[in-house]
Amino acid sequence: MRSGNPSLTDKTFESYTGHAYGGNTMTIQGTVNKTFILLVLIVVSAVFTWSQYFAGENVGLYITVGVLGSLIVALITIFVKRLAPVLSPIYAILEGFVIGGVSAMYEAQFQGITFMAVSLTFSILFGLLLVYKSGLIKVTHNFRLGVAAATLGVFLTYLLSLILGFFGIQVPLIHETGTLGIIVSGVIVFIAALNLVLDFDFIERGAAVGAPKYMEWYGAFGLMITLVWLYLEILRLLYKIFANRN
């Protein structure tokens, strides 16, 4: 039983069960507050690279630093969770560089695509949160396994695409803007969205077992990983739809 999100697995909160932290424990509201802080940091750094791009500057360096830096910071945070209060904001800033630069490139080709992607991302986030809290979606053992397997499949496909890309070989349908390419992107968006449900579940479980306070930052960090992935996949899907129409 695990989340597709590598930062939120079934063992994330396991070691904290039964421990007492003097009332200084993780809460859902605290995690929501930390999530909001990380979102603000992402927006600020994204606006910076966005403005740099439209000012005629080359944002390739910002994107490269953002991708590599966020990957390193994420791995450290996953393995040393106590550092989450310090590393999570750094991760958000680095991801903002990537989001701002990539979004600006898409926006330059299709005006309004970024606003649509942001709107859809938050609509899915709040919509799934309401559905999850209402109990309409049950996070069962099979549900977790299914989403985790699908997420792993997407990850391996992207990894294969990256490796083959160095040799000038493209994996079919991943980057294509035809009908099948759009369907594939739609499926990936659906898988990313389901990971949000698992993130909600694991954060709720962390608060229930009384995990230490710094795990609020870690829970927010895990949610950001999924949210950023969902946004970028929605942006890619919209690009394929717009490109297919032209």
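This is a predicted model: local features need pLDDT of at least 70, side-chain atom pairs count only at pLDDT 80 or more; totals for chains, interfaces and linings use all residues.

**Entry 1: the overall plan**

I started by counting elements, and I found seven helices and zero strands. Reading along the sequence gave me the pattern α-α-α-α-α-α-α. The protein has 246 residues, and buried ones make up 46% of them. Then I checked how far along the chain the contacts reach. Of those between residues at least 6 apart in sequence, 86% join residues at least 24 apart.

**Entry 2: what the record says**

I looked at UniProt next, where an unreviewed entry lists the feature "transmembrane region" at residues 36-53, 59-79, 86-106, 112-131, 143-167, 179-198 and 218-239. I checked two of these spans in the model. Residues 86-106 are 100% helix and 0% strand, with end C-alpha atoms 31 Å apart. Residues 179-198 are likewise 100% helix and 0% strand, and their end C-alpha atoms lie 29 Å apart.

**Entry 3: helix α1**

How far apart are the end C-alpha atoms of α1? They are 39 Å apart, and 39 Å is also the span that the 27 residues of α1 (residues 28-54) should have at 1.5 Å a residue, so the two agree.

I then listed the buried residues of α1: Gly30, Thr31, Lys34, Thr35, Leu38, Leu39, Ile42, Ser45, Ala46 and Thr49. What covers them? The cover includes α2 (60-79), α3, α4 (113-134), α6 (179-209) and α7.

Helix α3 covers residues 84-109, which is 26 residues. From first C-alpha to last it reaches 37 Å, close to the 38 Å expected at 1.5 Å a residue. I noted that α3 is mostly covered, with 19 of its 26 residues buried.

How do α3 and α7 (residues 215-245) pack? Their axes are 10 Å apart, and the angle is about 10 degrees. Angles under 35 degrees count as roughly parallel, so α3 is roughly parallel to α7. By class, the contact has 17 nonpolar, three polar and two charged residues.

I wrote down some of the residues that meet there. On the α3 side they include Pro85, Tyr91, Glu95, Ile99 and Val102. On the α7 side they include Trp217, Phe221, Met224, Tyr231 and Arg236.

I picked Leu235 first, which sits in helix α7. Is Leu235 buried or exposed? Its relative accessible area is 0%, and the cut-off for buried is under 20%, so Leu235 is buried. Not counting residues up to four places away in sequence, Leu235 touches Val102, Ser103, Tyr106, Ile113, Thr114 and Ala117. One of these, Ile113, is 122 residues away along the chain, yet the two C-alpha atoms are separated by 7.2 Å.

Leu227 is buried, with a relative accessible area of 6%. Which residues does Leu227 contact, leaving aside its neighbours within four places in sequence? They are Leu39, Thr121, Leu125 and Leu196. Leu39 was already in my notes as a buried residue of α1. I also noted Ile124, which lies 103 residues from Leu227 in sequence and 9.8 Å from it in space, C-alpha to C-alpha.

**Entry 4: two more stops**

Ser185 is in helix α6, and at 1% relative accessibility this serine counts as buried. Leaving aside neighbours within four places in sequence, Ser185 is in contact with Arg236, Leu237 and Lys240. Ser185 and Lys240 are 55 residues apart in sequence and 8.5 Å apart in space, C-alpha to C-alpha.

My last stop was Tyr62, in helix α2. At 27% relative accessibility, Tyr62 counts as partly exposed. Which residues does Tyr62 contact beyond its neighbours within four places in sequence? I found Phe48, Thr49, Gln52 and Phe97. Thr49 is another name from the buried list of α1. Finally, Tyr62 and Val98 are 36 residues apart in sequence and 7.0 Å apart in space, C-alpha to C-alpha.

Notes: Residues are numbered from 1 along each chain as its sequence is written. Side-chain values use heavy atoms; hydrogens and water are left out. Helices (H or I, at least four residues) and strands (E, at least two) are DSSP runs, numbered from the N terminus. The expected span of a helix is 1.5 Å times one less than its number of residues. Buried means under 20% relative accessible area, exposed over 50%, partly exposed in between (1.4 Å probe, protein chains only). Axes are lines fitted to C-alpha atoms, for helices over the stretch in contact, and angles run from 0 to 180 degrees between N-to-C directions. Angles under 35 degrees count as roughly parallel, over 145 as roughly antiparallel, 65 to 115 as roughly perpendicular and the rest as oblique. Contact means heavy atoms within 4.5 Å. Ala, Val, Leu, Ile, Met, Phe, Trp, Tyr, Cys and Pro count as nonpolar, Asp, Glu, Lys and Arg as charged, and the others, Gly among them, as polar. UniProt positions are given in the numbering used here, feature names are shortened, and annotations may be inferred rather than shown by experiment.
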